[in-house]
Amino acid sequence: MQMLLKGKNAVITGSLKGIGLSTVDLFARNGANIWACAQYQDAAFESHIRELSAENNVWMKPLYFDLLDPEKIKSAYQEIRESKERVDILVNIAGMTHDALFHMTTMEQMKKVFEVNFFSQMLLTQYITKIMMRNKAGSVINISSISAIDGNPGQLAYTASKAAIIGATKTLSAELAGYGIRVNAIAPGVIDTEMTKNLPADVLKRLMGKSDLKHLGLPSEVAGVILFLASDMSSYMTGQILRVDGGIG
C-alpha cells in the first residue's frame, strides 16, 4: 500500500477524540510522524499513540496545552522548534461550540468561542508557518463548518468563528504561496462526534432531512479528505474550502 505521507512531520490539534483522533490514526498509517496535540493528558490516548508508533514505524509525540492559554501554545511551539525537525503539515482541528440563540449569547461566551476556534488557531499557525517558511514548503489544513457557509440558527458564535477561519484560509493562501505553503480548509457537515451528540433531536432531524445521503458522517470520512489535502495529491490546491457534508444543501 502506498503511504501518502511517508517521512513527513505533522502537527495535529484536537488529537484526543473525534476527527482529530481519526486523523492521527490515518496519518500514522500513511507514514507521518506526528506531534499529537490535545487539551489534557490521557493515559488511554498515550497508550494508543505508542501502539500506533510501533505498528507503523513512525515517531509520535503528545503535546498538551489549553487553547485559551497563549503561553501554553507558545511553549508547545518552542518544544517543536527545539526538536530541530521540519514541519510539513499543520492540521487545526481542535475547537468548541456554543449552542444558544443570539440574544441569549453573552459577549463573554462569544469571545471564548472565538478565542478557541479562531485566535488560538491563528497564533499556532503563525508559529508553525515560521518553521515552514524556512523550509519553503508546507500544507496547512483548517477545519471550518458548513454552518459558516450556510448559517445555522442557535449557533451564531460558532458559525461566526468558523466563518473567520474561511476568511483567514483565503488570505493566508495568498500570503504564504510564495513560500511554498498551501492553505486549505474543510467544512464538515453533521459528523458523528461528541459535539454532534449535544444537538437537539429536532435540529439533527432537520439537518438529516436536507442531506442527500441521509446519515451522519464519520470522523474517518473527514480524516480522509484531510489526508488528501496534506499529501502531494493536492499539490495544485490552495485557498479552497471543501465541503464534506453528505450533500446538505
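**Notes on the predicted model**

1. In this predicted model, the largest pocket has a volume of about 1200 Å³. Its lining is made up of 50 residues, and those closest to the centre of the pocket are Ile93, Gly95, Met96, Thr193 and Met195. Sorted by class, the lining comprises 23 nonpolar, 18 polar and nine charged residues.

2. Several elements contribute to that lining, and at least two residues each come from α1 (18-29), β2 (33-38), α4 (107-135), α5 (146-150), α6 (156-176), α7 (194-197) and α8 (201-209).

3. Helix α2 covers residues 43-56, and with 14 residues at 1.5 Å a residue it should span 20 Å, which agrees with the 20 Å between its end C-alpha atoms. Its buried residues are Phe45, Glu46, Ile49, Leu52, Ser53 and Asn56. Viewed down the axis of α2, these buried residues fall within an arc of 120°, so they line one face of the helix. As background, an α-helix has 3.6 residues a turn, so residues three or four places apart point the same way. The cover over the buried residues of α2 includes α1, β2 and β3 (60-64), whereas Ala43, Ala44, Arg50, Ala54 and Glu55, on the other side of the helix, are exposed.

4. Helix α9 (residues 219-230) can be read in a similar manner. The buried residues of α9 are Pro219, Val222, Ala223, Ile226, Leu227, Leu229 and Ala230. These residues cover an arc of only 160° around the axis, which puts them on the same side of α9. Among the elements that cover them are α1, β4 (89-92), β5, β6 (181-188) and β7 (241-244).

5. Gln121, found in helix α4, is a polar residue by class, yet it is buried, with a relative accessible area of 4%. Leaving aside neighbours within four places in sequence, Gln121 is in contact with Leu67, Asn92, Ala94, Val116 and Ile165. The C-alpha atoms of Gln121 and Val58 are separated by 26 Å, and the two residues lie 63 residues apart along the chain.

6. Most residues other than glycine have a negative phi. Asn57, in the loop between α2 and β3, has a positive phi near 55° although it is not a glycine, and Asn57 is exposed, with a relative accessible area of 73%. Lys136, in the loop between α4 and β5 (138-143), likewise has a positive phi, of about 60°, in a residue that is not a glycine, and at 52% relative accessibility Lys136 counts as exposed, the cut-off being over 50%.

Note on methods
Residues are numbered from 1 along each chain as its sequence is written. This is a predicted model: local features need pLDDT of at least 70, side-chain atom pairs count only at pLDDT 80 or more; totals for chains, interfaces and linings use all residues. Side-chain values use heavy atoms; hydrogens and water are left out. On a 1 Å grid over the protein atoms alone, a cavity is a set of points where a 1.4 Å probe fits but cannot get out, and a pocket is an open set with protein on both sides within 12 Å along at least five of seven lines; lining residues have an atom within 4 Å of a point. Grid points are joined across faces, edges and corners, and a volume is the space filled by probe spheres set on the points. Helices (H or I, at least four residues) and strands (E, at least two) are DSSP runs, numbered from the N terminus. The expected span of a helix is 1.5 Å times one less than its number of residues. Buried means under 20% relative accessible area, exposed over 50%, partly exposed in between (1.4 Å probe, protein chains only). The arc is that of the directions from the helix axis to the C-beta atoms. Contact means heavy atoms within 4.5 Å.
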